[in-house]
Amino acid sequence: MNTPRGPGVIPDGELVASIAHGDAAAYTALLDRHSRAVFRYAWGLADERADVDDIVQETFLVAWRRRKDVRVVASSALPWLLTSARNIAMNTNRRRRNHRADELDEHAGASEAWYRQVAHEDAVRQLQWVRAEIAALDSPDRELCELCLLQDRSYDEAAAMLGLTPVNARKRIQRSRARLRVSRAAQGTEQHS
């Protein structure tokens, strides 16, 4: 997925290169750009909700400490950040489980772990489906959906990047969401037939 360049938008590749040389402003820009996505991902992985903020914070601390190792995939540093968040969440969960003082029933953790795995796999399938549906849209609807729905940009920011009015951007997103809902409903009907 290519990230469109708009006025004032620095691509992740350039930010990561600047961060590798110790540029704190580029680091802050990368954090601002991806912290919400990392937070949502950590929320789904953490055993305890109290750990979510710590996982996000540690993810970005690792990104700073290992700034020369951060990789950009498909013009985004988000895959590297999400992989780091996953590893940190798994380590945090493991430490928490090892330090639990209360006794557990031998079957209690198995169903919970299984449920999280199934939920994670379902979320991955849904995200793949959404990405494929968005990729099939015509331009500029595709770019608009990528910016607003996948990259969590505001309508106004995405509209400016694509040379659209904010009102036009909102209407296009509403139409695209309606298409996605119809397509999802049709997919559900086909699976139950």
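1. Helices H6 and H7 cross in the right-handed sense. Keep in mind as you read on that this is a predicted model. H6 covers residues 141-150 and H7 covers residues 155-162; their axes lie 9 Å apart, and the packing angle is about 145°. On the H6 side the contact uses Glu143, Leu144, Leu147 and Cys148, and these meet Tyr155, Ala158, Met161 and Leu162 of H7. Sorted by class, that contact has seven nonpolar residues, no polar ones and one charged.

2. Proline 140 sits in the loop that runs between helix H5 (108-135) and H6. For background, most peptide bonds are trans.

3. Stepping back to the whole chain: the secondary structure amounts to eight helices and zero strands. Going along the sequence, the pattern reads α-α-α-α-α-α-α-α. The chain has 193 residues, and 32% of them are buried. If you take the contacts with a separation of 6 or more, 58% are between residues 24 or more positions apart.

4. Helix H1 (residues 12-20) packs on helix H2 (residues 24-45) at an angle of about 140°, and the axes are 8 Å apart. Because of that angle, H1 counts as oblique to H2. The crossing here is left-handed. H1 brings Asp12, Leu15, Ser18 and Ile19 to the contact, while H2 brings Ala26, Tyr27, Ala29, Leu30, Arg33 and His34. The class count for this contact is six nonpolar, two polar and two charged residues.

5. How far is its C-alpha atom from that of leucine 15? The two C-alpha atoms are separated by 7.6 Å, and the residues are 14 apart along the chain. Alanine 29 has a relative accessible area of 30%, so it is classed as partly exposed.

6. H2 also packs on H4. The angle between H2 and H4 is about 35°, with 10 Å between their axes, and the crossing of this pair is right-handed. From H2 you'll find His34, Ala37, Val38, Tyr41 and Leu45; they meet Leu78, Leu81, Leu82, Ala85, Arg86, Ala89, Met90 and Asn93 of H4. By class, the residues of this contact come to 10 nonpolar, two polar and one charged. His34 turns up on the H2 side here, and His34 is also in the list for H1 with H2.

7. On to the interior. In soluble globular proteins, nonpolar side chains tend to be buried together. How many residues does the largest nonpolar core have in this model? There are 25, and the ones with the most contacts inside the core are Val38, Ile55, Phe60, Val70, Trp80 and Leu81. Two or more residues each come from H1, H2, helix H3 (52-65) and helix H4 (78-98). H2 supplies the largest share, seven residues. Val38 and Leu81 are also in the contact of H2 with H4.

8. Leaving aside residues up to four places away in sequence, tryptophan 80 touches Val62, Ala63, Arg66, Asp69, Val70 and Arg71. There is another core as well, apart from the largest one: this core has 14 residues, among them Ile134, Leu137, Cys145 and Leu147. Leu147 is one of the H6 residues that meet H7.

9. Most residues other than glycine have a negative phi. Alanine 74 has a positive phi, about 50°, without being a glycine. Serine 75 has a positive phi too, near 65°. Where do these two sit? Alanine 74 is in the loop between H3 and H4, and serine 75 lies in the loop between H3 and H4 as well.

Terms used. Residues numbered from 1 in each chain as written. Predicted model: local features only at pLDDT ≥ 70, side-chain atom pairs only at ≥ 80, totals over all residues. Heavy atoms only, no water. Axes fitted to C-alpha atoms, helices over the stretch in contact; angles between N-to-C directions. Helix = DSSP H or I, 4+ residues; strand = E, 2+ residues; numbered from the N terminus. Left-handed = near helix turned anticlockwise from the far one by under 90°. Contact = heavy atoms within 4.5 Å. Nonpolar A, V, L, I, M, F, W, Y, C, P; charged D, E, K, R; others polar. Parallel < 35°, antiparallel > 145°, perpendicular 65-115°, else oblique. Core = buried A, V, L, I, M, F, W, Y, C linked by side-chain atoms within 4.5 Å. Buried < 20%, exposed > 50% of the residue type's maximum accessible area, 1.4 Å probe, protein only.
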